[in-house]
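Welcome! Let us take a walk through this structure together, one stop at a time.

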Amino acid sequence: MVIVGFGPSGAVAACWLGQAGTRTLVIDKRQTIWEIPRAIAIDHEILRVFQNIGAVEKILPYTAPFPASEHFGAKGQLIRRIDAVPPPYPLGYVPTMVFTQPPVEAVLRARAAEHPSVTVELGLEAFALTQTPQQVTLELKSNDGQVRSVTASYVIACDGASSPIRQLLDLKLEDLGFDEPWMVVDVRVNEASLSKLPRTAAQYCDPARPTTFIVGPGNHRRWEIMLLPGENPAEVESEINVWRLLSPWLTPQDGELWRASSYRFHALVAAQWRKGRVFLAGDAAHQQPPFIGQGMCQGIRDVSNLAWKLETVLAGQADDSLLDTYAEERGRHVRTLTARIKAIGHHICERDPEAARRRDESLLEQGGGTAPTVTRQEIVPPLETGLLSERPHPANGTLFPQPWIVSAREVSRMDEVVGHGWRLVLDGRKLNEAVEVSQSPVTSTVIGGPGLQEKDEILAAWFERQNCVAAVVRPDHYVYGVMERVEDISPALAALENRVRP
């Protein structure tokens, strides 16, 4: 296996494959990590991934809870709040966090390199690619000009928005209809000046100059500032102009300018995610506006979806066609979420004063005269297609909860107790007899009743809402399907085995 790109998505992919013992080469043209922050938000699904790959405890010190985001209208009035679901938290972590990317990326790289089956080579780029039905051959060039060839069973391209691998394969990006110029400004604010700033995140939907404010970890604060027609990005990025734009909040004496960079906020997605034995992931496959902080999350979802399927195929437990569900599932998910982010972005970016007035009135009307609140978690969709049960149910494709499990000596998150492969999880309160599971590699776990005991009744409440006694959960924690009766379990597992076995 070869992974091209050792950013967060590539590093997580290497961790997943390394845990499975898959021989993996990771390459990256850069020899060092970018020392400036780029992504700033992660959610509880991604923290659960970090837990599963053995990195979360070293990452949490570089995170902080993401406060509510308050959206203010053209007249400065509150028109909407985007917040997190309240505790007890369904996946075992604060649902949305801010983080500092460089040290988190360093933790992920170090964790990947700990696996004996993973080899990391930096200062190396792929400049040519050929493939047969059995393997992929990459031509690699080091920074000092040395050239060599490597072959691999599969290649994962996590090589960024400009993706040389995507270009070598002549794979195109579809424009989903969003293209706006913004500047991202990061400031390390002096301790004494933090009190000048809002305590929550804020979205200033002012048609004169839409602006985002984000409370990062520690004294890190970020502004995302829309550029106006006719403004030259290079000129706007100059230090004097950046401080002029920040003047409603801070002066140059209040902190250190960490970076100021102009971007075009795009909505793009690959028309084709797989070509033969090569897969696109992360920014190589999609880019979306940053308005709810899902960019890096999407890339990690990509590789977490793909890695377990590659492991299953390489182990001979499934046919290669299982890998086609990667593009099917992730492509639909990315398109749905990007459409929702675009809708929020169009509200934020409205520059026509009359249209902004109507927007504000409409949002307040939706809230019955007050600003409505939505959670970030309800914006992120479930899986809508792919390897899901053919018996429709609202739970199919949703994320399965991770309660805290109580034992005589400690309290642990569920995945630490039962693992994170294919699982049959049963509601022990409703079982009158033991349930035997013969289908490999599904393992069974009983929660409640005579089984494991949970701390906050999160799973008990979930089973009640879904009106079921059991759920089959995939290695990436999405619900494959649920069973409303014990007698439905064996047929459901047999159907699953028939779908994935070679």
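How many of the nine residues of helix 2 are buried? Before we answer, keep in mind that this is a predicted model. The answer is nine of nine, so helix 2 counts as mostly covered, given that buried means under 20% relative accessible area.

At its start, a side-chain oxygen of D43 comes to within 3.2 Å of the backbone nitrogen of E45. Just past helix 2, G54 adopts a positive phi of about 80°.

Helix 2 also brings us to a pocket. It is one of the elements that each supply at least two residues to the lining of the second largest pocket, together with strand 3 (41-43), helix 11 (376-379) and helix 13 (458-466). This pocket has a volume of about 650 Å³. Among the 33 residues lining the pocket, H44, V85, P90, Q377 and L399 are the closest to its centre. Which helix gives the most to this lining? That is helix 13, with five residues. Sorted by class, the lining holds 18 nonpolar, nine polar and six charged residues.

In soluble globular proteins, nonpolar side chains tend to be buried together. Here the largest nonpolar core has 88 residues, and F50, L138 and L424 are those with the most contacts inside it.

Our last stop is around L138. Leaving aside residues up to four places away in sequence, L138 touches V2, V4, A126, A128, L129, R148, S149, V150, V155 and I165. Take a look at T137 as well, which sits in strand 10 (residues 136-142). Is T137 buried or exposed? T137 counts as buried because its relative accessibility is 18%, and the cut-off for buried is under 20%. With the residues up to four places away again left out, T137 touches A128, L129, T130, S149, V150 and T151.

Conventions
Residues numbered from 1 in each chain as written. Predicted model: local features only at pLDDT ≥ 70, side-chain atom pairs only at ≥ 80, totals over all residues. Heavy atoms only, no water. 1 Å grid on protein atoms, 1.4 Å probe; cavity = no way out; pocket = protein on both sides within 12 Å on 5 of 7 lines; lining within 4 Å. Points joined across faces, edges and corners; volume = space filled by probe spheres on them. Helix = DSSP H or I, 4+ residues; strand = E, 2+ residues; numbered from the N terminus. Nonpolar A, V, L, I, M, F, W, Y, C, P; charged D, E, K, R; others polar. Buried < 20%, exposed > 50% of the residue type's maximum accessible area, 1.4 Å probe, protein only. Polar contact = N/O pair within 3.5 Å; in protein donor to acceptor, adjacent residues only side chain to side chain. Contact = heavy atoms within 4.5 Å. Core = buried A, V, L, I, M, F, W, Y, C linked by side-chain atoms within 4.5 Å.
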